[in-house]
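These are my notebook entries on one model, written as I looked up each item.

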Amino acid sequence: MGSLAILPPATASCSPHRRHLLVRQVIAAILQRRSLPPHSPRFPGWTSDAVRDVLSSISTYFFLSPRSVGRQHPSGRHRSPLRQRSLRRESLSARGPAAHRDPDTVALGVAGALEFYSWAESRCGFPHDELTCRDMSRLLARANCLPILWRFLRANEALVGTATVTEVIKVLGEEGLTKEALAAFYRMKQLHCKPDVRSYNTVISALCRVGHFKKARFLLDQMELPGARCPPDTFTYTILISSYCKHSLQTGCRKAIRRRIWEANHMFRRMLFNGFVPDVVTYNCLIDGLCKTYRIERAHELLDDMPVKGCSPNRVTYNSFIRYYSVVNQVDKAIEMMRAMVSRNHGKPTSSSYTPIIHALCETGRVREARDFLVEMAASGSVPREFTYNLVCSALDDAVEENLPKDLCRRIEDGMRTRFRQVLQLKPMMGGKSMFIQEQV
């Protein structure tokens, strides 16, 4: 850590490489529980980007749970939906996501972040701005240290703005602390901050993530009142429509599914009644929910309505129909939708477009067509998934059909290997039956 004080003066401009060196030195000092060194005259000083990099790195190194997505050993289960958490119950029963964190590591990260934040200002003369204060608030929220968070916000009230509190609400919503996120929204006035439409959208999204639709609709009703200071926008209705569709798929009750889809359609019509024009994201969310709940007629109605509203469909729109027709064993219609997407210049098919069609063709015994689509996908520059590639190869062997050309197989495997190495950098504990895992051993 002593080399931090003798970095060359070029560090003042803080290139990404030199900022990375600073981050590694600070993280090493925190891990080794060493005090930060005094400021050296040769050190030109910290910049806002360098301080923010250190704070974000502390959150990554110290608050990552062993069971986080991408860090856990694959168990074959799907990711469970987000549930509302209670810090009080977790502290008494040691349950929930916080139970899978090392409390000593989290405490070390919080103490190191607070020490670095104070050290940069008092010993190095760095004047903190709203961006560094926002990142520090986000770090404390991600560590679930709410008392320390609110003391920090009150102590730095001059640097706290609406965007800072909105980021805190967003992080608390992502952590499943919906009650605390809603409390932070109502405590904005204590910090002399006025909520804007982005603040409302953030807290509505946090409520919808855990299924608290009544509270979310209550906030929407407040925004729709005549003379409201923060009227809703298109994204406000899109959040609710998307959440209704997602939660309809997380229950096995048909009545609940019908209810959620009805509420999504009702919210869409309410949006039109209030004079808002839905964009392509709004249409895609509703169409995807309709296709996944087998309401294909209503989905086609929305697809035909998009050009009338001046909204052009994109690849995501057509992929919803392609997946539906592939699942219900109507592969020809799925192929027609993909060809229509290309002919209407609404997008180019990618791996997400070809994969359901190839799987459906293999399941129905149309192996030659599956082989042709795999060749077409590779020719368009898309890399198939390893499972799709192995499925086609094994289907060709079982049907005693002509195999893929060797040069094409080599090119596909090179592409999958490159993608595997890129993902491995983010998910170093990947496992399973991949053909590339043995190469890394």
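Predicted model: local features only at pLDDT ≥ 70, side-chain atom pairs only at ≥ 80, totals over all residues.

I located Ser353 in helix α17, which covers residues 351-363. I then listed its contacts, leaving out residues up to four places away in sequence: Ser353 touches Arg315, Asn319, Ile322, Met338 and Met341.

I asked at what angle α2 and α5 pack. Helix α2 (residues 48-62) and helix α5 (residues 130-142) pack at about 5°, and their axes are 9 Å apart. Angles under 35 degrees count as roughly parallel, and α2 and α5 are therefore roughly parallel to each other. On the α2 side I noted Ser48, Val51, Arg52, Leu55, Ile58 and Ser59. These meet Leu131, Thr132, Asp135, Met136, Leu139 and Arg142 in α5. By class, I recorded 6 nonpolar, 3 polar and 3 charged residues for the contact of α2 with α5.

I repeated the look-up for helix α10 (residues 213-224) and helix α12 (residues 254-273), which pack at an angle of about 10° with their axes 14 Å apart. This pair, α10 and α12, is therefore also roughly parallel. In α10 the contact residues are Phe213, Arg217, Leu220, Asp221 and Glu224, and in α12 they are Arg260, Glu263, Met267 and Arg270. I recorded 3 nonpolar, no polar and 6 charged residues for the contact of α10 with α12.

Which residues does the annotation "repeat: PPR" cover? I found that the UniProt record, an unreviewed entry, places it on residues 196-230, 279-313, 314-348 and 350-384. I checked two of these spans in the model. Residues 196-230 are 71% helix and 0% strand, with the end C-alpha atoms 6 Å apart. Residues 314-348 are 74% helix and 0% strand, and there the end C-alpha atoms lie 9 Å apart.

I counted 21 helices and 0 strands in the protein chain. The chain has 441 residues, of which 47% count as buried.

Key: Residues numbered from 1 in each chain as written. Heavy atoms only, no water. UniProt positions renumbered as here; feature names shortened; annotations may be inferred. Helix = DSSP H or I, 4+ residues; strand = E, 2+ residues; numbered from the N terminus. Axes fitted to C-alpha atoms, helices over the stretch in contact; angles between N-to-C directions. Parallel < 35°, antiparallel > 145°, perpendicular 65-115°, else oblique. Contact = heavy atoms within 4.5 Å. Nonpolar A, V, L, I, M, F, W, Y, C, P; charged D, E, K, R; others polar. Buried < 20%, exposed > 50% of the residue type's maximum accessible area, 1.4 Å probe, protein only.
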